[in-house]
Each structure stands twice: as C-alpha cells, then as structure tokens.
Amino acid sequence: MQATIAAIKRRNVILMGFCFMLMFTAYSPSQNYALALLGNHAYFVLAVIYLVMAIANFFASAAVKKVGSLKLAMTLSGYTYSAYLLAVALYLAVDAIFIVYIFSVIIGIGAGILWSAQGTHLIYQYLFNIMLV
C-alpha cells in the first residue's frame, strides 16, 4: 500500500514538472517575440509583470487557500500566461498598448499564485513521502 501511494506521489511530481516544462517552453520564446514587437514598451511591460508578481507573492498563499485546490489554483493561474500572450496578439491587431499593460498586471498576479501553489504542492508530496518511511 505504501509503495503504491509513494508511486502516485512520485508520478504527481513528475507530471507537474512535465506540465511546467511544456508551459514555459511555450511561454519563453513567445515572451521574447512579444518583447521584440513591443519596442520601447517592452522593458516597462516586464517591469510591471515582475513588480506585480513580487507584490502578489505576499498574498498568493491566501489566494491559494481561498481557491481551496492546489491543482485548480495552478490551472487558473496558468491560464493568465495564455491570456497575456493573447493580449500581445490583440495589441498587434488594434495597436492598444494599455491592453498589454492590463494583462501584465494579470499575469503578475497569476505568476505569484502559480509559484506559490506549485511550491506548496511539491512540499505536500515530499512530506507525505517522509511520513511513509
């Protein structure tokens, strides 16, 4: 029984790592492309993303607790990455930079929640394996 539960927990960690790899393998080159398109706004957009993420990290654990499910929190905050890339594509269509700035704030909040939920999920998997020993 313990070996089966430990195998499930190990699979959960590997699956989460694989999903993060896929998500950021898609996001990183897209972000670089977006920064090339945004011109002078690129550094300000990045500053907004990381500033909001730094602030959101203070409240992320409460947000994860409010959602109730770590997997749901990771999924919902993962969608903010897609929404940001959609906003950059929309910027190309309508040339409205404020849309990119709004979604920079949204992705910053989502990133704080995503990394907090991911860390909590990993800790739960690790602690559960220690309790089995």
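## Ground rules

This is a predicted model, so to speak of local features a pLDDT of at least 70 is needed, side-chain atom pairs count only at pLDDT 80 or more, and totals for chains, interfaces and linings use all residues. Residues are numbered from 1 along each chain as its sequence is written, and side-chain values use heavy atoms, with hydrogens and water left out.

## The whole thing

The protein has four helices and zero strands, and from the N terminus on its elements run α-α-α-α. Helices here are DSSP runs (H or I, at least four residues), strands are runs of E with at least two, and both are numbered from the N terminus. The C-alpha trace spans about 60 × 25 × 20 Å along its principal axes.

Of the 133 residues in the protein, 35% are buried. Buried means under 20% relative accessible area, exposed means over 50%, and partly exposed is in between, using a 1.4 Å probe and protein chains only.

Now for contacts, meaning heavy atoms within 4.5 Å. Take those between residues at least 6 apart in sequence: 82% of them join residues at least 24 apart.

## Helix 2 against helix 3

Helix 2 covers residues 42-67 and helix 3 covers residues 70-94; they pack at an angle of about 160°, with axes 11 Å apart. The axes are lines fitted to C-alpha atoms, for helices over the stretch in contact, and the angles run from 0 to 180 degrees between N-to-C directions. The two helices are therefore roughly antiparallel to each other. For reference, angles over 145 degrees count as roughly antiparallel, under 35 as roughly parallel, 65 to 115 as roughly perpendicular, and the rest as oblique.

Helix 2 passes helix 3 in a right-handed crossing.

Who meets whom? On the helix 2 side you'll find Val45, Ile49, Val64 and Val67, and they meet Leu70, Leu72, Ala73 and Tyr84 in helix 3. By class, this contact has eight nonpolar residues, no polar ones and no charged ones. In this scheme Ala, Val, Leu, Ile, Met, Phe, Trp, Tyr, Cys and Pro are nonpolar, Asp, Glu, Lys and Arg are charged, and the others, Gly among them, are polar.

Start with glutamine 31, which lies in helix 1 (residues 2-38). Glutamine 31 counts as buried because its relative accessibility is 6%. Leaving out residues up to four places away in sequence, glutamine 31 touches Leu46, Ile49, Tyr84 and Leu85. Ile49 and Tyr84 also turn up in the contact of helix 2 with helix 3.

Over in helix 4 (residues 97-132) sits glutamine 118, and histidine 121 is in helix 4 too. Glutamine 118 counts as buried at 16% relative accessibility, and histidine 121 is buried at 7%. With residues up to four places away in sequence not counted, glutamine 118 touches Met16, Phe20 and Met74. On that basis histidine 121 touches Asn12, Met16, Leu70, Lys71 and Met74. Threonine 120, another helix 4 residue, is partly exposed, with a relative accessible area of 24%.

Have a look at the backbone of aspartate 95: phi is near 55°, a positive value in a residue other than glycine. Most residues other than glycine have a negative phi.

Lysine 65 lies in helix 2 and counts as exposed at 71% relative accessibility.

Finally, some pairs to check with your distance tool:

| Pair | Apart in sequence | C-alpha to C-alpha |
|---|---|---|
| Glutamine 31 and valine 88 | 57 residues | 9.2 Å |
| Threonine 120 and leucine 70 | 50 residues | 7.7 Å |
| Alanine 96 and isoleucine 49 | 47 residues | 18 Å |
| Lysine 65 and alanine 54 | eleven residues | 18 Å |

Key:
Left-handed = near helix turned anticlockwise from the far one by under 90°.
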